[in-house]
Every structure is written in structure tokens, then in C-alpha cells.
Amino acid sequence: MCGIVGYLGKQEKTISILITGLKALEYRGYDSAGIAYQKNNKIKVIKSVGRLEQLEKKVKLENTVLGIGHTRWATHGKACTTNSHPHQSGNITLVHNGIIENYIELKQMLEKKGYQFQTETDTEVAAAFIDDALKSSKNMIKALKKAKEKLKGSYAFAIFNDLEPDTLYAMKKESPLVLGKTEEELFLASDPMAISSYTKEICYLNEGSIVKLEKNKVTLIEEKDTRPIWKTLNIENCNNGKNGYAHYMLKEIYEQPDVIYNIINPFLKDPEMEFKKLPNFSKYKKIQIVACGSAYHTGLVGKWMIETYASIPVEVEIASEYRYKKVFYDKKTLVIVVSQSGETADTLASLRKANKDHIDTLALVNVITSTIAREAKYILPLKAGSEIAVATTKAYLAQLTLFSLITLKLKLEQSSNMEEIIPLLSAFQKLPLKIKKLLENLKTKDIASKIYKHNDIFFLGRSIDYAICMEASLKLKEISYIHSEAYAAGELKHGTISLIEEKTPVLSLVTDTSIQEKTISNIKEVKARGAYSIVVTNQKLEECDYCDDFIIVPSTEPLFQPILNIIPFQLLAYEIALLRGCDIDKPKNLAKSVTVE
Ligand code: G6P
């Protein structure tokens, strides 16, 4: 999603810092980009649609001390050069992340005052509003305070005006923004990753902050405190390249054994101590898991784990629904938010809703410097390292691993019997090796070559297998653009079976032995209608006339089986997308960090 970089510092470095910073944000997903800088009392704005390489072709490495840059993920108005940022109005030049919800009303008001608009964006309206406020107040801080009062929605702005050379302003509400500094330079970024190769000294801006940056001087106008609080950036989450893999997604799939190992290793060494470090769950009678996308799918697996093994009722909610609905929780409810980025707008809003009602919150989050990590009562870090591919794999697996540990802790609290947990931990210990071997032996390339040209692919499963199918289907559609649906196997015949035609690929996951026979009947139903049936299983299936292809996953303790089951689907989606020539790490229209609702 949109990214911001701002720089005030050394003449010769500005342009390259803006471009490098934007490149570091590319993984978030964008469709156009631009920069603006001050040069000999003039403002230069350069924009381009498409990838950053297009922008780079237009940019000259001129000397200038001040610049701002932006990658845009279109919300208001199509992806085109005119709509891309920076935007200008009167004396104001700015870049913006977020959505100004009342922009139509403000636009009408500004048009009456004579402002004319060139773009379809809400951002240009914000620029005009600030310009108008600056005209009347003659003071930029006052103008920004007025904007803060009147602009509804979410924003992170990096702004400069023609009247104050070498001065950069910023303002934020509900969209992330950080400052960075070295002895002679000041930085602004929507994500510390954009500036982490230049500085590790970071200050996270609080909600409602307005900042003025001048040479070696930071003035912070906040609601509570006026001194910036600088922290040293933990570089753990910085991108360290593709490491020889063709794509980040492939690298991240292959990193999964290490990700699991990093999480569980401390528990293997000293289980008593490590389980004690997890929050005490004994007071909770109900759990609500709230998340978006793949993180929502891990919530479904978490629900199955906790309900099946610890008998505590769990509700799983899509964050964009949860934040606006009537929610039934009380002091005995734990709200768990799950997020790789820790910045997903709807998940953050859901967390804030629970926090506001004084309900205990726990975040399962990868980016430990993120807003969600900072605002949740308890946090469990995913320790997955930076995930760059838009389609998540290793963070998803880390979330499943943490839900397994939460389930074990709940069991432990209920029985106080570590003896029960030890055999499960030893099964856990074997998972990294099992995943490694599975990845070595998978024949997904062959299956991919048989099905990649199809327009529709279906996934079937029951119970926990269905939850994994939902993620499998999302992975496939995200990166290959093939229409795909996951169905609870028994539900298919209530409509969707009419879409099954001769050779339609249907992938069924059959690992839940308790309802294996039922799923097999459903597979037979689609096979009878001509489906090309691929069965993913850890079982020896006796009669095989209902499947055209098999993928075998190794068995483990049923609690951990879902962790193995997703692996072939991740790789299959990758192979299919590869054969279709898709931009695997940066799929069209998608963003890694969804900071607007
Ligand atoms: C986007 C990403 C998904 C991710 C979802 C939630 O849609 O493309 O891969 O699952 O956001 O993101 P989060 O960072 O909250 O896990």
C-alpha cells in the first residue's frame, strides 16, 4: 500500500535516498510513484505510473537538501501519472497515505473559493485545504492544526511549502509515520524499513502529531508531550535479499522450517519457563480472534485448535466487520488480533475498539515495532523475519505455530500436568525436518503443469481441512489470478457443484480422520461430474478411483497437522503462478500492508 519517504540533509544524497527508500517499500504493493524536491527556489515534481524503474528513468540526480517521495496504491481515482503523488496546490506540495473521507464536501467548499482540481484524488483536496489555511493564517503550524481539525479519515502527510525553503512538515492520524535522524540528516517514512539502511535512530509519531523538520532541528507538536522519543531500530526485520531464490515467496516458503524452529526451540529447552512467559489465560472464558486475509485464516485454525484441545469457545471475526458491529465481550474475554505487518487498518481499529472497552488484548504480530505491537496489552512475536512477498507464507505458518503453543498453554493451565505436554513438544520438535523433507519431495511442478491453464479451481475439505483449504485458495488466487473457491466439502452440492465441468481441477484435503469418509463421498460426487481430482492427504487411501493425482503430506500429532498441510498448497500456487508468468512477489492490485480500510 502507499509508502512515504522524506529527507532533509545532504545535497548530493537526497534524490538517491528517496529512490532507495521507495524501493524498500515496493514490497507493500503500489501502482505509481513520484518525488518532489526544492531546487533553486523552485519545486520539481516527477511522477510515473508503473514500477519504480519507470520513475528512475525520468529522475536526474540533482543536488538538493529537501525532498519527498511516494508510492501510490490507488484508492480515489485510477492509477495514472496525474493521480499519483506528490500533489500540489498553491504553495503546498505533499504526499499522503490514508483516505480523507470528507474530501467531496471540502472540495466543494474550496471550489467556491476558486480552487481548481486536476486530479480525482482526495489528496489534492487536502493540499488545497492546507494551502487555503496557510493563506489565511500565514503560519504553517496553524494551517496544519486547522487541517487536523477539519480533515476526516486517516492520513500520514509529508509536506513542504514554497515560502519556507529547507523545511519539511509532517502530520499523522491512523496511518503510520516515523522520523529518523543522523547527526546531519532528518528522515520521514511510513515504514522504518524505508530508512533503515541510513539510520537506526527512530521516533514513532503519536496519533495527531504535527512535526516541523529544519536543519538539525525537530519541533514536535503533540497533544501530550512535545519531545520526540528516539529509539534504536531493531534491524531484525530488515530485508536481506532473495538469497539466490527466484522470488521472495519461494525463499520465504523454504525459510519455514527455520521459522518454526526459532519459535519452538526455547520451549524445547525449558518448557516450564517458556510457558510461564506466555500470558496467563486461565481467567478467560471466551476468545475472539480478529484479523484480515491470511491472518483471518490462521484464526480459523486457532479456533479449531483451542476448541478441540482446550474446550474454550472461540469466535473468529473479519476485522473490517468486527470494528463496526455490536460485539459481545466482557472482562473474561480475550481478544486476539493477528497481523503480519501490525499495521492493517481494520485490525488496528478492532484492537483499539477492544482496548477502549478495557478488554484484554493479545497481538500475534511479526513486525514488533508496528502500531499493533505497541498498542496491544500482550504481544507474541512471530519471529518470522521480514516477509517481502505480498502473499504471506512463513508469517502464516508462524501464526499457526503460536496458536499451537497457546493451545498447549491452555491445556497446561487446565491440568497443570507438564507430562501431558512433553510428548506433544517432541512431535513439535520434528516439524522443521518434516517440512524440509516435504519441500524436497513435493511434485507440485508436475501437477501445476496439468492445471495452470484452467480458469476455475476448487478446494474441498471438512473441519480443519476446510480452514486450510481457505488459505490454499486465497494463495492461488492472490498470485496466479485464477478464480478459485474453497468449499466445506458437504456444502458444495448446495449450488457450487453446478460449476464443475469436465476436467475442472478440484483439490481436496483429507487429513482429518474423524470425517475422512464423508469428504471422500463428496470427492466422488465431483469426480462423477468430470472433475480432475487431486487429493492431498496424509492417509493411505484404499480405493483410489476418485483421484487423478495425489500429494502425500507426512503425518504428525493431529494438533500440528495443519502446519504441514498448507505447505504443498503454497508451493503449488507458486508453481502455477510461475507457469502463468505472473509477477509473483508483487501481484496486481494487492498490497502487503493494508493501511486503509
Ligand atoms: C493483505 C496481504 C495478506 C494479509 C492481509 C492481512 O491483504 O496481502 O497477505 O494476509 O493483508 O495483513 P496482516 O499484515 O494484518 O497480516
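I'm counting a polar contact as a pair of N or O atoms within 3.5 Å; within protein, one must be able to donate a hydrogen and the other to accept it, and residues adjacent in sequence count only if both atoms are side-chain atoms.

**Ground rules.** This is a predicted model, where local features need pLDDT of at least 70 and side-chain atom pairs pLDDT 80 or more, while totals for chains, interfaces and linings use all residues. Numbering runs from 1 along each chain as its sequence is written, and side-chain values use heavy atoms, with hydrogens and water left out.

**Ligand.** I looked up who sits around the ligand and got 14 residues (a heavy atom within 4 Å). Ser294, Ser339, Gln340, Ser341 and Thr344 are the closest. On the backbone side, a Gln340 N or O atom lies 2.7 Å from a ligand oxygen. For Ser294, a polar backbone atom is 3.0 Å from an oxygen of the ligand. I noted 3.0 Å for a polar backbone atom of Ala591 too, again to a ligand oxygen. The ligand taken alone exposes 390 Å², and the protein buries 89% of that (Shrake-Rupley, 1.4 Å probe).

**Domains.** The assignment (automatic or from a database) gives domain 1 as 3-232, domain 2 as 249-429 and domain 3 as 435-597. I then checked domain 1 against domain 3: their C-alpha centres are 43 Å apart.

**Where they touch.** 12 residues of domain 1 contact 10 of domain 3 (heavy atoms within 4.5 Å). The buried area, meaning accessible area (1.4 Å probe) lost on putting the two parts together, summed over both, is about 950 Å², with 54% from carbon and sulfur atoms. In domain 1, Arg28, Arg51 and Trp73 lose the most area to domain 3, together 48% of what that side buries.

**Charges.** I get 2 salt bridges between domain 1 and domain 3 (Lys or Arg side-chain nitrogen within 4 Å of an Asp or Glu carboxyl oxygen). Arg51 turns up again here, paired with Asp583, with the closest N and O atoms 2.8 Å apart.
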